[in-house]
Amino acid sequence: MKSSAIPPIAATLLVLGACSPANDVQTRSPAAVTVNGTAISQKTVDLIARQNAGSGRPDTPETRRFIVDQLALQLVVAEEAVKKGLDKAPEVAEQIDAMKQSVLANAYVKDFIKNNPVSDDMVKAEYERIKATVAGTEYKARHILVEKEAEAKEIIARLRKEPGAFAKLAMEKSKDQGSKARGGDLGWFDLKRMVPEFGAAASKLEKGKFTQEPVRTQFGYHVILLEDSKPIEAPPMEEVKAQLSQQLQEQNLKKQFDALKAKAKIEISSAPGPVPAPAVPDAIKSK
């Protein structure tokens, strides 16, 4: 029996009480299937179906029948494991406990997010805070990257005679495969994204001018054409609202986690040991 045949979440759900005696099921959730007097709730099937749908698998009657069949099979096998006392094996008990902790921790996170929502006012305040820090200039440029300085000087000499040939020369001679096909176009960029030598040269150029000497960087020699520049502006709040909301939510969670850890008594018995070095075969040991 292939392990992939059983929904991976089912083991966790079953271990944590997705199943209950049939006579108790009405206090929980309608049963989707009952196996040897133990019910598997419809909520369990619904949860797995939703998670499958989130992974791109359609939620269809056929899919749900498969889920029910696999949950029933898993319960049958799990009961046999209990009969053999496998649930008492230390390694199995530890896995069950770890699953329980994981589900409970996730439940806590969901409850915290539900009861501590990020408001529009909080998002707006964070947006204004970040917006106030936005400063500087962004540039739009093209470049031609070559290996040798002499080649860069030849390109500059040609551009002095034919300034409009920059894109053509970039496609013919540049070794920057990322921009070559676009005629050397680098789009808009912040100088902080560029290596210092490139940024310094680009910032000194006037609009429509190219470097009169090759610019050397770790990648080779550049000829740079500045096409435009403008002040850096923050994007509209609506474009980043969802991202900011998520960031604030994560920050709130981290603060809560830090507070919980600070109140807890955490004792680390031992640090993980170093990974042992691989053994050296006798055949290559020095004699």
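Mentor: Contact here means heavy atoms within 4.5 Å. The model is predicted, so local features need pLDDT of at least 70 and side-chain atom pairs count only at pLDDT 80 or more, while totals for chains, interfaces and linings use all residues. Residues are numbered from 1 along each chain as its sequence is written, and side-chain values use heavy atoms, with hydrogens and water left out.

Trainee: Which residues does valine 45 touch, not counting residues up to four places away in sequence?

Mentor: Valine 45 touches Ala32, Arg64, Ile67, Val68 and Leu71. Valine 45 belongs to helix 2 (residues 42-54); helices (H or I, at least four residues) and strands (E, at least two) are DSSP runs, numbered from the N terminus. The protein has 10 helices and seven strands.

Trainee: Is valine 45 buried or exposed?

Mentor: Buried means under 20% relative accessible area, exposed over 50%, and partly exposed in between, using a 1.4 Å probe and protein chains only. With a relative accessible area of 2%, valine 45 is buried. Of the 287 residues of the protein, 28% count as buried. Asparagine 36 is exposed at 65%; it sits in the loop between strand 2 (31-35) and strand 3 (38-41), and its phi is near 50°, a positive value in a residue other than glycine.

Trainee: Where do the buried residues of helix 9 fall, seen down its axis?

Mentor: An α-helix has 3.6 residues a turn, so residues three or four places apart point the same way. In helix 9 (residues 196-204), the buried residues are Phe198, Gly199, Ala201 and Ala202. They fall within an arc of 165°, so they line one face of the helix; the arc is that of the directions from the helix axis to the C-beta atoms. Exposed Pro196 and Lys204 are on the face turned away from the buried side. The cover over the buried residues includes strand 4 (137-146), strand 5 (185-190), strand 6 (215-217) and strand 7 (220-231).

Trainee: At what angle do the axes of helix 6 and helix 7 cross?

Mentor: Axes are lines fitted to C-alpha atoms, for helices over the stretch in contact, and angles run from 0 to 180 degrees between N-to-C directions. Angles under 35 degrees count as roughly parallel, over 145 as roughly antiparallel, 65 to 115 as roughly perpendicular and the rest as oblique. The axes of helix 6 (residues 149-161) and helix 7 (residues 166-173) cross at roughly 155° and come within 11 Å. Helix 6 is therefore roughly antiparallel to helix 7.

Trainee: Which residues meet there?

Mentor: Glu151, Ile155, Arg158 and Leu159 of helix 6 meet Phe166, Lys168, Leu169, Glu172 and Lys173 of helix 7. By class, these are four nonpolar, no polar and five charged. Ala, Val, Leu, Ile, Met, Phe, Trp, Tyr, Cys and Pro count as nonpolar, Asp, Glu, Lys and Arg as charged, and the others, Gly among them, as polar. Glutamate 151 is partly exposed, with a relative accessible area of 30%. Leaving aside neighbours within four places in sequence, glutamate 151 contacts Val146 and Lys173.

Trainee: How are helix 5 and helix 10 set to each other?

Mentor: The axes of helix 5 (residues 120-133) and helix 10 (residues 237-263) come within 9 Å and cross at roughly 105°, so the two are roughly perpendicular to each other. Their contact has eight nonpolar, three polar and four charged residues.
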